[in-house]
Amino acid sequence: MVKMGAVWDRTTKFLRANSGAVLTISALAIFLPTVVGTVLQAALAGDDPTSTSAAGGIVSLITTIISMLGQIALVALAIDATLGTSGAFSVAGRRLLPVIGVSILVSLIFLLLFLPFIVILFGSGVDWAALQAGDASAMPEMAGGMGLFLGLYTVVLIPVIFWLAARFSVIMPVVVWERLGVGAIGRTFRLTKGYALKIVGVFILFLIVFIVAGLAIGGVFGAIFALTTDGVQGLTVGGILMAIIMGLLTVVFTVIYTVFLTKLYKSLIEETEPAAVFE
């Protein structure tokens, strides 16, 4: 039986032993894209919401792909530390497209769970443009029965999402190292069988720590930088510094989370398939 404490020990041991390579990968492919993307979105902000949204979407897509490349490199390195930085990036380059494809498929599966919300909101005549702009009045009034259904569905949906996330938790290592495509979905479900609750517990712990740290750091530094900008919109020194600080926070949690799930993958393989050999 795989113990999450043992997986955490393997994670910290790996990070200490390979700090140089991990820092290089995370700095080049996670930190820089995150910060540059945030700064660019602030710089591109204008009076035209449509063009701003389109430009922001393109920037977000590019930074997401680059960050995904960095995560894949971390996965490869966490499985085989002898690859080094260049070897990890080489694996990432070869497996990027399969990871993107499987990620889109998994996202569609999660999207299907929200289909009732989308159908009901469309049927109720919601103003999507106003809702996207943050106007709460865009939400339509719903009949009591419809509102009750959505409330009950939400109560059921939350644990289902956590359960599915747990079952998909090691899908990236499977796609990267076992060179699978769609078949990675069934593979990760088999590997995580019987471990969903334990993995959900880890998810919740990571989520709580990340939210608390983000609120604390964002609140403190956000207030300080807000005083220096005096309400100025767009790209500011305070905004750039805030992007750097939040980028560092994102890197820390992304690296720990990615390596932990990769070590979990290796532990599950060793538990269920003792004869398996990592190439």
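Two salt bridges are present in this predicted model, a salt bridge being a side-chain nitrogen of Lys or Arg within 4 Å of a carboxyl oxygen of Asp or Glu. One of them joins Arg10 to Glu270, with the closest N and O atoms 2.9 Å apart. Because Arg10 lies in helix H1 (residues 4-17) and Glu270 in helix H11, this pair ties together parts that are 260 residues apart in sequence. Arg10 is partly exposed at 27% relative accessibility, and Glu270 is likewise partly exposed, at 39%; here buried means under 20% relative accessible area, exposed over 50%, and partly exposed in between, with a 1.4 Å probe and protein chains only.

The other salt bridge links Arg187 with Glu178, and its closest N and O atoms are 2.8 Å apart. Arg187 counts as buried, with a relative accessibility of 12%, whereas Glu178 is partly exposed at 24%. Residues are numbered from 1 along each chain as its sequence is written. Since the model is predicted, local features need pLDDT of at least 70 and side-chain atom pairs count only at pLDDT 80 or more, while totals for chains, interfaces and linings use all residues, and side-chain values use heavy atoms, with hydrogens and water left out.

Arg187 also belongs to a group of buried residues in H9, together with Ala184, Ile185, Thr188 and Leu191. Seen down the axis of H9, these buried residues fall within an arc of 165°, so they line one face of the helix; the arc is that of the directions from the helix axis to the C-beta atoms. Arg179 is found in the loop between H8 and helix H9 (183-191). Although Arg179 is not a glycine, it has a positive phi of about 55°, and it is exposed, with a relative accessible area of 56%.

Taken as a whole, the protein has 11 helices and zero strands, where helices (H or I, at least four residues) and strands (E, at least two) are DSSP runs numbered from the N terminus. Of the 279 residues in the protein, 38% are buried. Among contacts with a separation of 6 or more, 75% are between residues 24 or more positions apart, contact meaning heavy atoms within 4.5 Å.

Val59 lies in helix H3 and is buried, at 11% relative accessibility; Val59 and Pro33 are 26 residues apart in sequence, and their C-alpha atoms are 9.5 Å apart in space. Leu61, also placed in helix H3, is exposed, with a relative accessible area of 54%, and its C-alpha atom is separated by 9.4 Å from that of Gly37, 24 residues away along the chain. Ser67 in helix H3 is buried, with a relative accessible area of 13%, and, residues up to four places away in sequence not being counted, Ser67 touches Ala29, Ile30, Pro33 and Thr34. Further along helix H3 comes Ala76, which is buried at 0% relative accessibility. Leaving aside neighbours within four places in sequence, Ala76 is in contact with Leu83, Ala88, Val91 and Trp177, and the C-alpha atoms of Ala76 and Ser90, 14 residues apart in sequence, are 9.4 Å apart in space.

Helix H3 also takes part in lining the largest pocket, along with helix H4 (84-113), helix H7 (144-167), helix H8 (171-177), helix H10 (196-229) and helix H11 (237-272), each of which gives two or more residues to the lining. This pocket has a volume of about 870 Å³. On a 1 Å grid over the protein atoms alone, a pocket is an open set of points where a 1.4 Å probe fits, with protein on both sides within 12 Å along at least five of seven lines, and lining residues have an atom within 4 Å of a point; the grid points are joined across faces, edges and corners, and the volume is the space filled by probe spheres set on them. The largest pocket is lined by 28 residues, of which Gln71, Ser169, Phe203, Tyr257 and Leu261 are the closest to its centre. By class, its lining has 21 nonpolar, seven polar and no charged residues, with Ala, Val, Leu, Ile, Met, Phe, Trp, Tyr, Cys and Pro counted as nonpolar, Asp, Glu, Lys and Arg as charged, and the others, Gly among them, as polar.
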